[in-house]
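Trainee: Can we go through this one together? I'd like to hear what stands behind each label.

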Amino acid sequence: MSSLKEVLNQNVREAAPELVEPLDRNRLRCFSCGHECPIPEGQAGVCKVRFNLGGKLYVPHGYVGGVQCDPIEKKPFFHVHPGALAYSFGMLGCDLHCSYCQNWVTSQALRDPSAVSPPLKASPEALVRQALRQGARVLVSTYNEPLITSEWAVEIFKEARAAGLDTAFVSNGNGTPQVLEYLRPWIDYYKVDLKSFDDARYRKLGGRLAPILRTIRQLHEMGLWVEIVTLLIPGFNDSSEELQRAAEFLVSVSPDIPWHVTAFHQDYRMTDPDDTPPSTLKRAAEIGKRAGLKFVYAGNLPGRVDTLENTYCPTCNELLVERYSYMIKQYRITPDGSCPKCLAQIPGRWGKQFEGQITAVPYSAGLRVFS
Ligand code: SF4
């Protein structure tokens, strides 16, 4: 029987020319993520899914690690068509190795023998057909790190756009200027996990802080809709001083960027810290708002974070969207995207009206035919 690595090595295509640069001694520089690996002949990059064979860079193609229909609030996007269905696919592998990963079955499939997730053959046409059949509005590359499989995402996104769907990445943000330019024509929304504001801690997760910050700024400058998530882990990244620096950075990019501070629960290899209490999320939200962010949300603890699941008008404090977990309970934004009371424009991508919610809970049953 073929190993997972062998199966994946058969499902490849050549890298996009924009994302690769020849170096000396048959090595290749990959620009698909912030590691910018110089990959020797016969070797793979840090992500283990892009490899140099005979002086050509081969990258994943033609499969998915899994698919699921999620409420868009789960990604989380709170300022993108509230209530919409987000048809979500994942690949395998990641360029970081966070011990607390909540998607480790797909992200660490090539590093950790216990993370088993067999790939499923897929075509862009079949994925888009299935997304439309489910009533999706957005097609999302998520669950593992989508940057490392950007070529495959673009193939799917081209098909999705042609069918009238919007497209999105849920990503750790470890990008490069080259990969963001490559994605730019085909992507509408981008969620970045800002895991910490401390470079030393980022290095423990296998990354660096600088490429993440550069990516957030570039995404905003390119005009994509960006939301940021920080999973707060007690004792790891939840000091007031660190949260303050993160919030100040986001304000310097744009005070309109929504910041989701979410609760950690024990998972994967990180079982030492306690689960994040609601008080930590409230403290982080207070810091974000005081720093000047207009929209700060507390996630993963529905009903336990006061009003921090809702959207309020930053000008007059009118309730605009009321949520409980992923459920939309009230939607009051006007057809032109403004507050019904003071008429202030609310940043985001809003529809003419609330179109209801197909589901407020994720489901995957029945989503198994791809080609
Ligand atoms: S995607 Fe990132 S980790 Fe993978 S080969 Fe390219 S630069 Fe290296």
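Mentor: Helices (H or I, at least four residues) and strands (E, at least two) are DSSP runs, numbered from the N terminus. This is a predicted model, where local features need pLDDT of at least 70 and side-chain atom pairs 80 or more, while totals for chains, interfaces and linings use all residues. Residues count from 1 along each chain as its sequence is written, and side-chain values use heavy atoms, without hydrogens and water.

Trainee: What follows just after H3?

Mentor: Gly-135, with a positive phi of about 90°.

Trainee: Which residues of H3 are called buried?

Mentor: Buried means under 20% relative accessible area with a 1.4 Å probe, protein chains only. In H3 (residues 124-134), Pro-124, Ala-126, Leu-127, Val-128, Gln-130 and Ala-131 are buried.

Trainee: What makes H8 oblique to H9?

Mentor: The axes, lines fitted to C-alpha atoms over the stretch in contact, with angles from 0 to 180 degrees between N-to-C directions, cross at roughly 40° and come within 9 Å. Under 35 degrees is roughly parallel, over 145 roughly antiparallel, 65 to 115 roughly perpendicular and the rest oblique, so H8 is oblique to H9.

Trainee: Which residues meet there?

Mentor: Among them, Leu-243, Ala-247 and Val-251 in H8 meet residues including Ala-284, Ile-287 and Gly-288 in H9. By class, that contact has six nonpolar, three polar and two charged residues.

Technical notes:
Contact means heavy atoms within 4.5 Å. Ala, Val, Leu, Ile, Met, Phe, Trp, Tyr, Cys and Pro count as nonpolar, Asp, Glu, Lys and Arg as charged, and the others, Gly among them, as polar. Buried means under 20% relative accessible area, exposed over 50%, partly exposed in between (1.4 Å probe, protein chains only).
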